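Hi everyone, thanks for making time.

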Amino acid sequence: MKYITAWGALIDQAKLTAGDFVIVTAASSSVGIASFQVAHSVDAKVIATTRTAAKRQALLDAGADYVIATAEEDLVAQVMEITRGKGARVVFDSIGGPAVEQLANAMAKRGILLEYGALSPDTGPFPQFAVLAKSLTLKGYLYNEIIDDDATLDRAKAFISHGLESGRLDPLISRTFPFDQIQEATRFLESNEQLGKIVVTL
């Protein structure tokens with residue numbers, strides 16, 4: 001599921017390619033980590049965002065090329081420095097809310113922002129000036145867009161199977177718990193300390 005989600009957004013819809021920069025928000029999620037690997041499979045560069053610097057090194061170790069702690073650093077300034085003033089052509093965002101305006105300001109001309117979640121409980125202003133000045137595309141994206149179309153799903157499966165066989169895609173498991181420790185697994189999930197998937201074995 002996580003690889004299909006990332007492939008559908010980054011490869012099928014955003015047409016990510018070598019030399020592109022992609023901003024991945026809430027980057028420590030399993031979809032975030034999968035996005036790093038999908039992006040690297042086409043030689044794109046990943047700018048991961050996280051709220052604080054606590055997970056910076058873990059995200060770098062997991063494959064992010066750059067990490068921005070949005071509560072501690074200026075997102076737009078950092079992205080512009082990384083991209084030498086061009087901005088990121090692709091944004092893969094699961095948060096939404098007020099941060100969308102910042103993300104739009106950090107994008108390159110004719111860039112695309114794919115919104116696949118709504119972790120923020122707040123709505124934010126529509127970034128009309130950035131959208132107009134840069135000819136941006138802001139699109140809602142759902143996993144079902146891929147799995148409901150047989151031909152698209154076949155392309156996703158082929159990409160993922162090849163990636164797993166070659167080692168370019170390598171699922172990251174944060175921790176594994178036996179079934180009788182399901183409560184501990186849930187507590188760990190709620191702690192937000194994980195990076196990647198939590199597995200419960202039967």
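Let's start with a pair of side chains: arginine 89 and aspartate 20 meet in a salt bridge, 2.8 Å from N to O. By salt bridge I mean a side-chain nitrogen of Lys or Arg within 4 Å of a carboxyl oxygen of Asp or Glu. Arginine 89 sits in strand β4 and aspartate 20 in the loop between α1 and β1, so this pair ties together parts that are 69 residues apart in sequence. Helices (H or I, at least four residues) and strands (E, at least two) are DSSP runs, numbered from the N terminus.

Before I go on, a word on what you're looking at. This is a predicted model, where local features need pLDDT of at least 70 and side-chain atom pairs count only at pLDDT 80 or more, while totals for chains, interfaces and linings use all residues. Residues are numbered from 1 along each chain as its sequence is written, and side-chain values use heavy atoms, with hydrogens and water left out.

Back to our pair: is aspartate 20 buried or exposed? Aspartate 20 is buried, with a relative accessible area of 11%, whereas arginine 89 counts as partly exposed at 23%. The cut-offs are under 20% relative accessible area for buried, over 50% for exposed, and partly exposed in between, with a 1.4 Å probe and protein chains only.

How many salt bridges are there by this rule? The count comes to five. One of them joins arginine 168 to aspartate 43, with the closest N and O atoms 3.7 Å apart. That links distant parts of the chain: arginine 168 is in the loop between α8 (150–166) and β7 (173–178), and aspartate 43 is in the loop between α2 (30–41) and β2, 125 residues away. Arginine 56 pairs with glutamate 73, and here the closest N and O atoms are 2.9 Å apart. Arginine 56 belongs to helix α3 (residues 56–61), while glutamate 73 is in the loop between β3 and α4, 17 residues apart.

Aspartate 43 also turns up next to alanine 18. Setting aside neighbours within four places in sequence, alanine 18 is in contact (heavy atoms within 4.5 Å) with Val42, Asp43 and Ala44. You'll find alanine 18 in the loop between α1 (2–13) and β1, and at 49% relative accessibility it counts as partly exposed.

Now the sheet. Six strands form an open sheet in the order β3-β2-β1-β4-β5-β6, and the pairing is parallel. Two strands pair if DSSP finds at least two bridges between them. β3 (66–69) and β6 (137–140) stand at the edges with a single partner strand each, so one side of each has no neighbour in the sheet. From one strand to the next, the twist averages 20°. At the β6 end, strand β5 (residues 107–115) and β6 pair over four bridges, and glutamate 115 has glycine 140 in β6 as its bridge partner.

Helix α4 (residues 75–82) lies across β1 (21–24), β2 (45–50), β3, β4 (88–93) and β5, running at about 165° to β3. For that angle, axes are lines fitted to C-alpha atoms, for helices over the stretch in contact, and angles run from 0 to 180 degrees between N-to-C directions.

One last stop: valine 200, in strand β8 (residues 197–201). At 31% relative accessibility, valine 200 counts as partly exposed. That's my tour, so over to you.
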